[in-house]
Amino acid sequence: VRRTMGEEKGKDEKSGESDARPLDAGDIALLKTYGLGPYATIVKKLEDEIKAQAAKVDELCGIKESDTGLAPPAHWDLVADKQLMQEEQPLQVARCTKILDPGTDDAKYMINVKQIAKYVVGLGERVAPADIEEGMRVGVERNKYNIQIP
């Protein structure tokens, strides 16, 4: 009578017979060192020391990691930020997909504004033609869509 793999496996599990033996201390030590290079433990020790020193430097400087990417409140300048928001209009993010007539003074840039449309635009006053590359994300103004920041 021919049995399938599942049937043979089921018979072994039911009878409790197993040909696997437990690992001893020598086997465990071999598995821990398998695949490690000759300097792995030294490098790991040095990496831990570097992390400890970096944490000590951060603690002395008062730097605290933040998930939001914001500076600590002690470094905020709300008055200057409010003034900056009143002076400059908010920009919209677009992607420069193509440069038309590159290297000339009449170079135009095809941008793609997500969920809106594609436009052919020029540069703002503070942007040089060398700053813009194809595929780059750029900041554009909301009314004329001129590129203001690369």
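The legends below describe several close-up views of one predicted model. Residues are numbered from 1 along each chain as its sequence is written, and side-chain values use heavy atoms, with hydrogens and water left out. Because the model is predicted, local features need pLDDT of at least 70 and side-chain atom pairs count only at pLDDT 80 or more, whereas totals for chains, interfaces and linings use all residues.

**View 1. Strands E1, E2 and E3 are joined by antiparallel pairing.** Strands are DSSP runs of type E with at least two residues, and helices are runs of H or I with at least four, each numbered from the N terminus; two strands pair if DSSP finds at least two bridges between them. E1 pairs with E2 in the antiparallel sense over five bridges, and isoleucine 99 stands opposite tyrosine 109 in E2. E2 pairs in turn with strand E3 (residues 117–121), again in the antiparallel sense and over five bridges, with isoleucine 111 opposite tyrosine 119 in E3. The hairpin of E2 and E3 has three residues between the strands, and glutamine 115 there takes a positive phi near 65 degrees.

**View 2. Strand E2 has a covered face and an uncovered one.** Within this strand, which spans residues 108–113, the covered face is made of Tyr109, Ile111 and Val113, while the uncovered face holds Lys108, Met110 and Asn112.

**View 3. Strand E4 pairs with E1 and with E5.** Strand E1 (residues 92–100) and strand E4 (residues 137–140) are antiparallel and share four bridges, and arginine 95 has arginine 137 as its bridge partner in E4. Two bridges join E4 to strand E5 (residues 147–149), also in antiparallel fashion, and valine 140 stands opposite isoleucine 147 in E5. E4 and E5 form a hairpin with six residues between them, and tyrosine 145 in the turn has a positive phi of about 60 degrees.

**View 4. Glutamate 141 is buried without a salt bridge.** This residue is found in the loop between E4 and E5. Buried means under 20% relative accessible area, exposed means over 50%, and partly exposed lies in between (1.4 Å probe, protein chains only); a salt bridge is a side-chain nitrogen of Lys or Arg within 4 Å of a carboxyl oxygen of Asp or Glu. The nearest side chain of opposite charge to glutamate 141 is lysine 144, 5.6 Å away (Lys and Arg count as positive and Asp and Glu as negative, while His and the chain ends are not counted). Leaving aside residues up to four places away in sequence, glutamate 141 touches Gln89, Leu91, Asn146 and Gln148, where contact means heavy atoms within 4.5 Å.

**View 5. Two salt bridges are counted in the model.** In one, aspartate 27 meets arginine 21, with the closest N and O atoms 3.6 Å apart; aspartate 27 is partly exposed at 22% relative accessibility, whereas arginine 21 is exposed at 61%. Another salt bridge links the side chains of aspartate 48 and lysine 44 (4.0 Å, N to O), which both lie in helix H3, four residues apart, or about one turn of the helix. Aspartate 48 is partly exposed at 39%, and so is lysine 44, at 44%.

**View 6. Tyr39, Ile42, Val43 and Leu46 make a nonpolar surface patch of about 400 Å².** Isoleucine 42 lies in helix H3 (residues 40–61) and is partly exposed, with a relative accessible area of 46%. Patches are made of residues with over 30% relative accessible area and no salt bridge, where like charges are joined within 9 Å and nonpolar side chains (Val, Leu, Ile, Met, Phe, Trp, Tyr) within 5 Å. Accessible areas come from the Shrake-Rupley method with a 1.4 Å probe, and for residues only the protein chains shown count as cover.
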